[in-house]
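Open the model in your viewer and follow the stops below. Each one says what to select and what is there.

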Amino acid sequence: MKNIILCGFMGSGKSSVGRLLAERLSLSFFDTDSLIEERCGMSVAEIFEKRGEEYFRALETETVMSFLNTENNIISLGGGLAANRSNHSALKTAGFVVLLDCGIEETLLRIMGDKSRPLTAGGAKAVCERYNERRPIYEAVADLTVESDGAPADTAEKIVRLLEELKIL
Ligand code: S3P
């Protein structure tokens with residue numbers, strides 16, 4: 001089976017839904033933020049602070065490349081990965097891309113005040129602008145878009161149903 005790649009904005013549920021999907025389908029689960037944190041021995045927030053965002057973005061691209069010749073994985077992406085158009089062709093080759101979106105209001109409720117997310121430091125207005133800017137870019141790479149405003153388990157079930165209908169599973 002092709003890898004299933006979950007993309008979307010911060011707070012859309014990529015990691016929690018991905019973990020559940022992997023359990024449900026007995027597949028391996030990877031989260032690009034966690035892979036980068038393990039590799040660097042630092043949290044994402046520390047990498048941003050000590051090495052800068054550009055360094056982090058380069059590691060994200062390398063991480064996607066490492067999945068190019070693999071299959072049978074569920075991969076949750078950090079929110080910036082699919083927002084970078086230059087990663088799109090690698091993402092398309094690496095798997096079937098599912099966009100999770102819970103809407104801007106739910107997004108703000110889920111992520112504001114979370115110190116582990118460096119990009120929330122600029123406040124709600126900046127987050128909204130980033131959300132609006134990224135939405136069409138995510139759409140451009142997605143093979144399927146799923147609303148994720150409910151519980152992660154419900155979103156995971158919805159994805160399984162849709163993937164079965166599309167004969168991806
Ligand atoms: C980012 C999202 C974060 C993390 C980093 C940058 C972004 O991941 O990669 O803080 O640019 O949207 P999550 O989407 O898992 O929060």
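Begin with the protein chain, a predicted model. Colour by contacts: of those in the protein chain with a separation of 6 or more, 72% are between residues 24 or more positions apart.

Switch to cartoon. The protein chain has 8 helices and 5 strands. Trace them from the N terminus: the order is β-α-β-α-α-α-β-α-β-α-α-β-α. The radius of gyration is 15 Å, close to the 15 Å from the globule rule for 169 residues, so the protein chain is as compact as a globular protein of that length. Show the C-alpha trace next. Along its principal axes it spans about 40 × 35 × 25 Å.

The accessible surface of the protein chain is about 8300 Å², and carbon and sulfur atoms hold 50% of it. Buried residues account for 44% of the 169 residues.

Select the charged side chains. There are 20 positive and 26 negative charges in the protein chain. Their mean positions lie 2 Å apart.

Now zoom in on S12. Look in the loop between β1 (3–8) and α1 (14–25). Is S12 buried or exposed? Its relative accessibility is 2%, and buried means under 20%, so S12 counts as buried.

Methods. Residues are numbered from 1 along each chain as its sequence is written. This is a predicted model: local features need pLDDT of at least 70, side-chain atom pairs count only at pLDDT 80 or more; totals for chains, interfaces and linings use all residues. Side-chain values use heavy atoms; hydrogens and water are left out. Helices (H or I, at least four residues) and strands (E, at least two) are DSSP runs, numbered from the N terminus. The radius of gyration is taken over C-alpha atoms; the globule rule is 2.2 Å times the number of residues to the power 0.38. Buried means under 20% relative accessible area, exposed over 50%, partly exposed in between (1.4 Å probe, protein chains only). Contact means heavy atoms within 4.5 Å. Accessible areas come from the Shrake-Rupley method with a 1.4 Å probe; for residues, only the protein chains shown count as cover. Lys and Arg count as positive and Asp and Glu as negative; His and the chain ends are not counted. The place of a charge is taken as NZ of Lys, CZ of Arg, CG of Asp or CD of Glu.
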